[in-house]
Amino acid sequence: MSTVRPLAVVFLVCAVVLAGCSGAPVSVEDDSTPTPESGTVSTNGTVAVHNINVGQSVSTLVVGPTGETILIDTGHYNDDGEYVIDYLQRQDIDRIDYLVTSHNDADHIGGNAAVIEHFETEADGVGAVYDPGIAASTATYGEYLDAIERHDVTLYETRAGDSIPFDGVETEVLGPPEPYVDGEDRNENSIVLRLSYGSTSFLYTGDAEGDAERRLVEEYGSGLDSTVYKAGHHGSSSSSSETLLDAVDPKAAVVSSAYDSQYGHPHDEVLEAFSERSIPTYWTATHGNVVFVTNGEGVSVRTQAEAPTDPLSIRDAAPVAPGTTTPVEERARIGAAPSATSTPTETARADGGTETEGELVVETIHADADGDDRENLNDEYVTFRNVGDGPLDLGGWTLRDEADKTYTFPQLTLSAGETVTVYTGSGTDTDTELYWGADGPVWNNAGDTVIVTNAAGERVLTESYS
């Protein structure tokens with residue numbers, strides 16, 4: 001597990017029962033680590049931000065350039081994390097490095113217990129949980145803490161000024177402050193998280209409302225500027241104030257709420273404010289899963305359904321049910337975005353392929369190295385070819401076997417017709433030769449499966465051999 005930034009980070013120590021927890025947090029403070037300056041993170045690969053369609057709730061998966069993951073919230077208690085876990089499995093996510101609980105309302109922590117249980121018993125675990133530290137007297141909250149205690153997962157109480165050590169991406173925790181806003185109001189004291197990668201950034205404010213937003217603007221001002229803004233409180237008029245929007249100045253917004261929201265989310269006042277500022281708006285209820293992929297210079301916007309992004313017209317489209325498995329397709333680009341690629345299957349090519357797309361195929365699998373495989377690792381390799389008509393940006397893509405040994409491609413564009421070979425051993429990367437750097441053989445001589453996943457977390461290639 002990565003080491004948490006020790007800026008006023010607090011371990012929560014609770015006596016856990018089904019209905020909640022009792023007892024005061026024990027504070028452990030260390031101000032020795034400086035906060036990183038904005039814009040200091042270099043870029044190598046891509047970052048994918050998945051806004052999962054979970055109905056009247058919210059859950060966001062972030063996959064970093066080295067494959068580390070952040071999961072912000074886990075959906076509603078009504079489905080017990082089912083939509084989230086199913087989505088993560090479809091993306092071949094086998095570990096949550098950082099689970100961020102924006103606040104402890106049941107529509108944000110509904111899947112926390114199930115997610116922790118799943119990853120701790122059936123996958124590679126949860127690295128640490130970040131929580132604003134305000135308890136809720138609900139069974140859902142109690143089950144969440146029970147799962148943490150049962151599996152001995154590290155739990156941090158998180159405040160403004162802290163940071164999450166997300167490899168390759170700058171993370172800033174901007175809220176809640178010390179002391180809390182409005183006593184211990186859970187919405188107002190949501191964890192506010194800003195992620196920066198190169199010149200692109202994403203702002204997530206949980207359910208923060210008026211007082212919290214005023215504090216953010218007063219405290220950070222133009223430092224809130226972000227490429228993509230996740231509308232606070234599901235698009236409620238209690239959030240996304242005009243002063244906040246002017247400070248954030250987003251190039252796109254995403255709203256997570258149900259198509260037939262019992263609360264009327266997103267509210268007309270918010271959509272009108274977005275429209276006045278010409279902010280393209282993506283709504284999980286009509287666009288389905290919304291995935292932003294950035295190379296640090298621009299953002300590729302990918303959704304399941306093609307629906308209006310004019311804020312005043314987003315209700316004109318048909319709903320997309322949570323759990324729908326239709327793959328995402330690129331709908332728009334912001335700045336110098338990474339190129340989108342199609343899933344190389346017959347269905348995907350027939351429905352969405354174009355003459356300008358690249359397509360990755362396996363050309364050679366050399367699993368059985370001469371002599372002792374362990375001493376001749378670079379005679380074990382896989383060669384890929386781009387058989388499409390256009391280039392493929394492989395930066396941030398992953399290659400894995402059936403045992404989940406994983407390699408992440410560096411920044412690399414494979415032109416049409418070109419090949420690249422990934423050797424198991426060590427060496428110096430070139431445009432045509434890459435080195436896994438593994439300590440032992442990867443590919444099973446008796447049979448295995450080559451699995452390639454793109455930077456958006458979508459499986460694009462599966463090739464088995466025996």
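Just after helix H4, aspartate 152 takes a positive phi of about 55°. The model is predicted, and the protein chain averages a pLDDT of 86, with 87% of the residues scoring at least 70.

**Confidence**
- Over residues 1-41 the pLDDT is below 50, although this stretch has 97 contacts in the model beyond near neighbours in sequence.
- Residues 341-356 also have a pLDDT below 50, and this stretch has 19 contacts beyond near neighbours in sequence.

**Helix H4**
- Several residues of H4 are buried, among them Tyr141, Leu145, Ile148 and His151.

**Nonpolar cores**
- The largest nonpolar core holds 59 residues, of which Phe384 and Leu399 touch the most other members.
- Leaving aside neighbours within four places in sequence, leucine 399 is in contact with residues including Phe384, Tyr407, Phe409, Trp436 and Trp443.
- A second, separate core of 29 residues includes Ile164, Tyr204, Tyr282 and Val290.

**Aromatic rings**
- Phe384, Tyr407, Phe409, Trp436 and Trp443 form one aromatic cluster, and a search of the whole structure finds 13 aromatic pairs.
- The rings of tyrosine 407 and phenylalanine 409, both buried, have their centres 5.5 Å apart and their planes at 70°, so the pair is edge-to-face.
- The rings of tyrosine 407 and tryptophan 436 have centres 5.6 Å apart and planes at 35°, so this pair is tilted.
- Tyrosine 407 lies in strand E24 and tryptophan 436 in the loop between strands E27 and E28, so the pair ties together parts that are 29 residues apart in sequence.
- Elsewhere, the charged end of arginine 159 sits over the ring of tyrosine 180, 3.7 Å from its centre.

Note on methods: Residues are numbered from 1 along each chain as its sequence is written. This is a predicted model: local features need pLDDT of at least 70, side-chain atom pairs count only at pLDDT 80 or more; totals for chains, interfaces and linings use all residues. Side-chain values use heavy atoms; hydrogens and water are left out. pLDDT is the predictor's confidence in each residue, from 0 to 100. Contact means heavy atoms within 4.5 Å. A nonpolar core is a set of buried Ala, Val, Leu, Ile, Met, Phe, Trp, Tyr and Cys residues joined through side-chain atoms within 4.5 Å. Buried means under 20% relative accessible area, exposed over 50%, partly exposed in between (1.4 Å probe, protein chains only). Helices (H or I, at least four residues) and strands (E, at least two) are DSSP runs, numbered from the N terminus. Rings of Phe, Tyr and Trp (its six-membered ring) pair if their centres lie within 6.5 Å; planes under 30 degrees apart count as stacked, over 60 as edge-to-face and the rest as tilted. A charge sits over a ring if NZ of Lys or CZ of Arg is within 6 Å of the ring centre and within 35 degrees of the ring normal.
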